[in-house]
Amino acid sequence: PVSQPVTVIGLGPMGQAMAAAYLDRGYEVTVWNRTPSRADALVERGATLAADPEQALLANELVILSLIDYDAMYTALRGAEHAVAGRVLVNLSSDTPQKAREAARWVTELGGTHLTGGVLSPPPGIGSPDMSTFYSGPRAAYDKHRAALEVITGKTDHRGQDPGLAALMYQLNMVIFWPAMLSYWQAVALAATHGLTAADIAPYAAENFAGMGQFLDFYAPRIDAGNHAGDVDRISMGLASMEHVVHTNADAGVDTAFPRAVLDAFRRGTDAGYGADSFSRLVELLKQPA
Ligand code: NDP
């Protein structure tokens with residue numbers, strides 16, 4: 001082998017893409033998956049299918065985990081705990097920062113090292129130099145295995161020692177990503193009632209998303225300075241605008257649950273007496289449960 005060998009546990013679309021990226025680079029790859037057939041194409045390309053999770057762990061020091069969540073790790077590794085000692089488990093399964101911290105403690109107590117990762121790429125981007133992954137946990141393990149980690153995504157960003165940090169950074173991205181995409185699905189559903197297709201409105205949606213950075217640049221320093229002046233926008237204006245959004249969807253007969261949730265946030269703002277402030281004031285309301 002031209003490089004250190006690596007184990008990949010979990011062969012969903014992400015794990016398969018990761019194992020394939022390692023094979024592309026000439027790594028010796030051992031894989032394990034609960035449903036063994038998902039390894040077929042990789043085995044055909046030269047990967048070794050471990051008989052069980054224990055063998056997968058024992059095969060290599062560097063072990064990539066790509067499972068649906070952290071609970072799946074405990075399920076998969078039950079009975080193989082003794083094989084964790086001396087291994088560096090790079091956990092690229094997504095879950096909460098708390099789950100990541102618990103897992104890091106569990107792995108450390110078993111004599112292994114846990115690196116938390118949050119991959120900011122869909123499966124087709126795995127192996128690309130342009131994609132990026134957050135990491136956190138022991139810096140020495142990250143430094144030691146950096147070349148191998150950069151096979152998964154060319155860019156890596158070690159956020160710190162706290163194993164929860166990479167999970168947090170990943171979740172912050174998901175907090176933005178899923179609702180943003182859902183807002184487009186909502187627009188597509190509404191557009192369809194007027195005979196417009198997803199492709200028809202995609203360029204306009206893309207321009208809308210592309211402009212978001214300017215709004216963040218404008219509001220972020222003001223929020224951090226506690227400045228919610230209503231000089232460019234007011235919550236009362238946002239409330240009226242979101243009412244138009246809800247009514248436009250309702251009139252068209254499409255689902256209104258998502259826009260109504262946004263409307264509700266604006267209404268909380270005016271109910272709290274902030275109607276004349278910028279809608280950035282809603283950040284203060286969102287800091288505690290409604
Ligand atoms: P999934 O999230 O569907 O994860 C599938 C993998 O988890 C399979 O290997 C599956 O095994 C395994 N698994 C699930 N439950 C168990 C269990 N109880 N015991 C053992 N193994 C189990 O697929 P992805 O590959 O898409 O995602 C993997 C991780 O990467 C997830 O945490 C996801 O959030 C994250 N991610 C995904 C992205 C994407 O675009 N897909 C992008 C960025 C991150 P089996 O094959 O037997 O079902």
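Contact here means heavy atoms within 4.5 Å. The model is predicted.

Start with helix α8, residues 164-192. Its 29 residues reach 41 Å from first C-alpha to last, close to the 42 Å expected at 1.5 Å a residue. Several of its residues are buried, among them Y170, M174, Y184 and L190. What covers the buried residues of α8 includes the helices α5 (97-109), α9 (198-210), α11 (235-252) and α12 (257-271). The cover also includes β6 (113-120) and β7 (132-136).

Now the ligand. It is surrounded by 21 residues, and the closest are M14, N33, T35, R38 and S94. N33 places a polar side-chain atom 2.6 Å from a ligand oxygen. L67 uses its backbone: an N or O atom there lies 3.0 Å from an oxygen atom of the ligand. For S94, a polar backbone atom is 2.8 Å from a ligand oxygen. Taken alone, the ligand exposes 890 Å², and the protein buries 77% of that.

The structure holds eight aromatic pairs. F218 and Y219 have ring centres 4.9 Å apart and planes at 85°, so this pair is edge-to-face. Y219 is buried, because its relative accessibility is 11% and the cut-off is under 20%. Y219 also pairs edge-to-face with F279, at 5.6 Å centre to centre and 80° between the planes. Y219 lies in helix α10 (residues 212-224) and F279 in the loop between α12 and α13, so the pair ties together parts that are 60 residues apart in sequence. F218 is partly exposed at 33% relative accessible area, and F279 is partly exposed at 36%. Ring pairs link F218, Y219, F266 and F279 into a cluster.

Conventions:
Residues are numbered from 1 along each chain as its sequence is written. This is a predicted model: local features need pLDDT of at least 70, side-chain atom pairs count only at pLDDT 80 or more; totals for chains, interfaces and linings use all residues. Side-chain values use heavy atoms; hydrogens and water are left out. Helices (H or I, at least four residues) and strands (E, at least two) are DSSP runs, numbered from the N terminus. The expected span of a helix is 1.5 Å times one less than its number of residues. Buried means under 20% relative accessible area, exposed over 50%, partly exposed in between (1.4 Å probe, protein chains only). A residue is near a molecule or strand if one of its heavy atoms lies within 4 Å of it. A polar contact is a pair of N or O atoms within 3.5 Å; within protein, one must be able to donate a hydrogen and the other to accept it, and residues adjacent in sequence count only if both atoms are side-chain atoms. Accessible areas come from the Shrake-Rupley method with a 1.4 Å probe; for residues, only the protein chains shown count as cover. Rings of Phe, Tyr and Trp (its six-membered ring) pair if their centres lie within 6.5 Å; planes under 30 degrees apart count as stacked, over 60 as edge-to-face and the rest as tilted.
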